[in-house]
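New notebook, new structure. I'll jot down what I look up as I go.

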Amino acid sequence: FNLSTATVARAVDFESTTNGNKGVVLSADGTSMYFINHGTYTAGAANNGYMQAIDQYTLSTAWEINTASYTRRFNTGLNSVQDMDFSPDGTKMYLLNGTNDTIYQYTLTTAWNVGTGNSSLPTTLYSVSSKETYPYCFCLSPDGTKLLVGGTTGKGIDEFTLSTAHNISTASYVRFKEIRYTYTNNLPFVSFFNSGIQYHTDGCIIYVVDSIAGGLSLHGLLT
């Protein structure tokens with residue numbers, strides 16, 4: 001988990017199957033991988049011309065992305081999916097939609113199988129529009145009691161608490177945390193376009209991606 005020791009092990013192109021892929025997530029055992037499929041534009045169509053999906057791949061060797069094969073697709077019914085997350089047991093999938101600043105919670109009747117998700121938009125949801133006007137990323141803590149949301153508003157991360165673990169509709173706002181880190185010139189830098197965020201498995205560290213600065217930074221638990 002030391003970012004300074006990271007090196008590129010391999011690169012795999014999934015563009016032929018998943019158009020404009022982003023927001024990659026792997027299952028807890030490393031045998032399934034998920035991408036947000038940006039969709040194909042159709043002039044005059046509903047949802048601003050796009051219908052976005054979640055593409056699922058199976059990894060024949062756990063955690064080795066070069067062993068991935070396309071498995072199935074789940075049509076979200078959303079037009080601006082920015083990020084996704086799963087509950088630790090794989091029975092809940094969360095999607096962040098940018099155009100209405102809302103996180104939707106889907107139930108998977110078979111764990112980690114997106115093909116068993118809701119066929120219509122779920123009613124379990126939470127809007128973050130009062131705190132983030134265009135959210136780009138989010139994640140839930142390992143125990144499902146905290147929600148972090150990042151985007152272009154405020155140059156940092158918004159924290160929410162869930163009164164019922166893993167139930168996104170029970171979220172309530174707690175605080176805002178400005179994200180600062182040291183840039184390549186050794187000067188303090190304020191993150192202003194958070195496009196990725198993830199908890200460490202112990203819930204004590206978060207990783208934040210800033211797509212403008214092109215950096216990945218590590219931060220202690222919000223206190």
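**Entry 1: a threonine in a loop**

Between which two strands does the loop with Thr116 lie? I find Thr116 in the loop between strand E7 (102-107) and strand E8 (125-127). Before going on, I note that this is a predicted model, where local features need pLDDT of at least 70 and side-chain atom pairs count only at pLDDT 80 or more, while totals for chains, interfaces and linings use all residues. Residues are numbered from 1 along each chain as its sequence is written, and side-chain values use heavy atoms, with hydrogens and water left out.

The strand labels come from DSSP runs numbered from the N terminus: strands are E runs of at least two residues, helices H or I runs of at least four.

Leaving out residues up to four places away in sequence, Thr116 touches Thr107, Leu108, Thr109 and Thr110, where contact means heavy atoms within 4.5 Å.

**Entry 2: rings**

Trp112 is in the loop between E7 and E8 too. I noticed that Trp112 has a positive phi of about 70° although it is not a glycine. Most residues other than glycine have a negative phi. Trp63, in the loop between strand E3 (53-59) and strand E4 (68-75), also has a positive phi, near 75°.

Is Trp112 buried or exposed? It counts as buried, at 17% relative accessibility; buried means under 20% relative accessible area, exposed over 50%, and partly exposed in between, with a 1.4 Å probe and protein chains only.

I then counted aromatic pairs and got nine. Rings of Phe, Tyr and Trp (its six-membered ring) pair if their centres lie within 6.5 Å; planes under 30 degrees apart are stacked, over 60 edge-to-face, the rest tilted. Tyr34 and Phe86 have ring centres 4.6 Å apart and planes at 40°, so I logged them as tilted. The pair links distant parts of the chain, with Tyr34 in strand E2 (residues 32-37) and Phe86 in strand E5 (residues 81-86), 52 residues apart. Both Tyr34 and Phe86 are buried. Ring pairs join Tyr34, Phe86 and Trp112 into a cluster.

**Entry 3: a four-stranded sheet**

I traced an open sheet in the order E9-E10-E11-E12, paired antiparallel; strands pair if DSSP finds at least two bridges between them. E9 (135-140) and E12 (171-178) are the edge strands, each with a single partner, so one side of each has no neighbour in the sheet.

E9 and E10 pair over five bridges, with Cys139 opposite Leu148. They form a hairpin with five residues between them, and Gly144 in the turn has a positive phi of about 75°. E10 (residues 146-151) and E11 (residues 156-162) also pair over five bridges, and Gly150 has Ile157 as its bridge partner.

**Entry 4: cysteines**

Five of the six residues of E9 are buried. Cys137 counts as buried at 0% relative accessibility, and so does Cys139, at 0%. A disulfide takes two cysteine sulfur atoms within 2.5 Å, and my search of the whole structure finds zero.
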